[in-house]
Amino acid sequence: MSKTDPPTDQDAQLAATQRFIEALPHSKALGMRVISAGPGTAELAMEYDPKFVGDPETGVIHGGAVSALMDTCCGAATMAHPDVKGVTATIDLRIDYMRPATPGQCIRAQATCYHVTRNVAFLRARAIDDDKDRPVASAPGYRRHRPMSRPKPEPVKVVKHRRDAALTSLVQGVPYIHFLGIEFDRRGDELTAILPYAEHLIGNPALPALHGGATAAFLEVTAIIGLSWSMLWDGVERGALDLEAMQAGDLPRLPKTIGFTVDYLRSGLPRDSYARARVNRSGRRYASVHVEAWQDNRMRPHAQATGHFLMPRRDG
């Protein structure tokens with residue numbers, strides 16, 4: 001095509017696919033580039049990079065990088081289909097790895113969107129290196145597509161700040177938590193309680209071992225905060241909680257302990273302890289929670305407990 005020739009449909013499709021790839025930060029980080037694109041088809045390439053190696057002994061690229069390339073190629077092929085309008089997301093992608101990719105060679109993915117319904121696109125893809133007759137992997141899959149109507153999610157910093165602020169206010173409202181020195185590590189909605197070792201927690205100086213009362217309190221605190229956090233989670237996510245009021249001391253009522261049974265499985269050593277709670281049942285008035293505490297090995301808890309709690313009125 002000369003400089004004066006108007007762009008063809010194929011040129012426009014290639015440019016649109018390139019924009020799609022460039023809009024995906026992970027694809028850019030992996031250095032993906034578009035080789036070709038057509039109605040319902042796409043071919044992408046990813047150069048070999050030592051940063052992508054998954055097996056240091058052989059230098060073979062990580063399967064996760066190959067799957068990312070194939071998934072992206074399937075997305076590009078879906079977006080290139082004339083019957084797809086809007087955005088797309090993976091529903092299912094089964095990747096069959098046929099052989100390791102040859103170290104040092106560029107990997108290419110080829111995908112075809114062969115059938116589209118109102119909401120679902122069906123695809124097949126393969127990944128190859130220089131040996132085109134021996135695919136590295138193949139992948140059948142299907143993706144959801146829909147018009148772009150949903151608002152963008154909140155920035156992750158805003159969401160994290162709201163979650164952390166709510167949890168901090170909840171924990172700081174209980175003086176005994178501070179006395180024991182209990183902290184909470186949050187990952188999404190999952191909480192891990194941490195009881196840093198301190199000398200004043202010792203109950204048996206001869207061993208030495210943690211005081212049984214300190215262990216029981218640690219478990220009960222973990223259960224109550226975990227149960228309260230599960231109650232607050234929806235409000236935190238919707239932004240419905242008044243964080244300023246919580247930070248000023250206007251805290252939601254905590255569940256009240258009805259009964260709490262502790263099983264001491266082994267001595268608590270003079271070191272940090274960790275605990276997680278699992279809400280077995282949470283009704284309008286009553287809740288049951290199981291909690292385990294461990295130190296060096298998650299599979300070897302040193303104590304566990306089951307508690308029953310009276311739930312606070314939801315209207316305040």
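Let's start with a charge and a ring: Arg298 lies over the face of Trp294, 4.2 Å from the ring centre. Keep in mind as you look around that this is a predicted model.

How many aromatic pairs does a search of the whole structure find? The search comes up with five. One of them is made by Phe122 and Tyr142, whose centres are 5.9 Å apart and whose planes are at 40 degrees, a tilted pair. Find these two in the model and you'll see that the pair links distant parts of the chain: Phe122 belongs to strand 8 (residues 120–128) and Tyr142 to strand 9 (residues 137–146), 20 residues apart.

Next, hop over to Tyr176 and Phe179. Why is this pair called stacked? Their ring centres are 5.5 Å apart and their planes are at 20 degrees, and planes under 30 degrees apart count as stacked. Both residues lie in helix 5 (residues 175–180), three residues apart, which is about one turn of the helix. As for the surface, Tyr176 has a relative accessible area of 44%, so this residue is partly exposed. Phe179 reaches 51%, and because exposed means over 50%, Phe179 counts as exposed.

Notes. Residues are numbered from 1 along each chain as its sequence is written. This is a predicted model: local features need pLDDT of at least 70, side-chain atom pairs count only at pLDDT 80 or more; totals for chains, interfaces and linings use all residues. Side-chain values use heavy atoms; hydrogens and water are left out. Rings of Phe, Tyr and Trp (its six-membered ring) pair if their centres lie within 6.5 Å; planes under 30 degrees apart count as stacked, over 60 as edge-to-face and the rest as tilted. Helices (H or I, at least four residues) and strands (E, at least two) are DSSP runs, numbered from the N terminus. Buried means under 20% relative accessible area, exposed over 50%, partly exposed in between (1.4 Å probe, protein chains only). A charge sits over a ring if NZ of Lys or CZ of Arg is within 6 Å of the ring centre and within 35 degrees of the ring normal.
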